[in-house]
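Welcome, and please open the model in your viewer. We will walk around the ligand and then step back to the domains.

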Amino acid sequence: MQPFGYVEPRTRDEAIRLAHDNPEARFLAGGTTLVDLMKSGVMHPALLIDVNRLPGMDEISHSDRTLEIGALARMSDVAGHPAVRAHAPGLSESLLLAASGQLRNMASIGGNLLQRTRCLYFRDRHFPCNKREPGSGCGAIGGENRNLAVLGSSERCIANYPGDFAVMLVALDGSVHLHGPDGARSVPAADFHRLPDATPEIETVIASGEIVTGVSVPIDALSRRSHYLKVRDRSSYEYASVSVAVAAEFEEDGTIRDARLALGGLAAKPWRIEQAAEILAGRRPDDAAALARLADVALDGARPQAGNAYKLPQARAAIGRALQTLARRHTEVRA
Ligand SMILES: Cc1cc2nc3c(=O)[nH]c(=O)nc-3n(C[C@H](O)[C@H](O)[C@H](O)COP(=O)(O)OP(=O)(O)OC[C@H]3O[C@@H](n4cnc5c(N)ncnc54)[C@H](O)[C@@H]3O)c2cc1C
């Protein structure tokens, strides 16, 4: 581990100024990603700006129309919060299916959004990786790529985004709030992470000195009927090979009135299916033709490698299963 400085600012503005003045600095929240990667020499910030004492950034609140979650709120606190469970149950599910109880107690929502890929070649300094060291090459293409991206990848990088919460946030039309030297701004969660293209080392739209202050989710009929399905190699303490975040509203007769979907595990960012509402409106959740069309649209342009082509049939099956689970819950609530 290389030597590094450590500071504990007491105000958000001080934290932003420190980050802006030190481009090699990184914010430290729970440390469950950052410290891990520092120990293995993959990340080596010159300065850690510990944000854990910044006031007000761990709050969870709601109005009739919006759920607000501070960036320093811990994953377990968000998962168990009554307003989150009532108004966006899929968010709670996405958190409870992530990592382990101990990690969820440590890890923050801001850090969760910004966790790095689990690509083996990124995490092992002995291999080339354009994300870790731009221009060095990509060991994963033609290598061990079972868990890597099939959508939106580039010739430089096929790493995928491993997180769960961000996938549900995208399906719920959530926003990420940022504060930087030029003030505050909000970004739709769907635009927060970037695809690799020629610069896989740039993973989000965060600018120099900006801190994530929180996320918000509009509360509506869809958010209250949301569900997160995670498909993985073992039933706990494992990342998704494929995940489906779905929010939907149903008619009395069980057909779908409106739906929003996003897929996880498949790309460097949560993969929103823009045409979901158009394809599913008026259809039943087990309508095979509609589900096939939805999967065709979602997976259009997929470029699987030798090791990860299995994700395509897995995603097709998971989309239907997620919708049908949500529909069944809806029927049970009304019965
Ligand atoms: C064994 C293991 C299993 C896991 N399994 C899962 C899983 O199944 N699903 C899942 O989603 N996650 C999983 N995780 C990832 C875990 O959820 C993240 O490590 C955690 O959420 C990161 O939060 P943190 O507060 O510890 O972030 P930190 O490690 O403190 O920070 C992570 C990154 O975010 C930056 N950062 C932190 N806060 C801010 C902020 N407010 N503004 C700007 N930048 C910030 C840091 O500089 C750093 O680059 C797993 C982790 C481990 C170690």
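**Around the ligand**

Start by selecting strand S2, which gives the largest share of the shell around the ligand, 3 residues. Strands are DSSP runs of E with at least two residues, helices are runs of H or I with at least four, and both are numbered from the N terminus. Before going on, note that this is a predicted model, where local features need pLDDT of at least 70, side-chain atom pairs count only at pLDDT 80 or more, and totals for chains, interfaces and linings use all residues. Residues are numbered from 1 along each chain as its sequence is written, and side-chain values use heavy atoms, with hydrogens and water left out.

Next, show the whole shell: 29 residues surround the ligand, each with a heavy atom within 4 Å of it. The closest are Phe27, Thr32, Thr33, Ser108 and Tyr239. Colour the shell by class and you will find 16 nonpolar, 9 polar and 4 charged residues, with Gly counted as polar and Tyr as nonpolar.

Now zoom in on the polar contacts (pairs of N or O atoms within 3.5 Å). At glycine 30, a backbone N or O atom sits 2.8 Å from a ligand oxygen atom. At tyrosine 239, a polar side-chain atom is 2.9 Å from a nitrogen atom of the ligand. How much of the ligand's 980 Å² does the protein bury? The answer is 94% of the area that the ligand exposes when taken alone, by the Shrake-Rupley method with a 1.4 Å probe.

**Stepping back**

Finally, select domain 1 (5-53) and domain 2 (222-334), whose bounds come from an automatic or database domain assignment. Each gives at least three residues to the shell around the ligand, and their centres, taken over C-alpha atoms, are 36 Å apart.

How values were computed
Polar contact = N/O pair within 3.5 Å; in protein donor to acceptor, adjacent residues only side chain to side chain.
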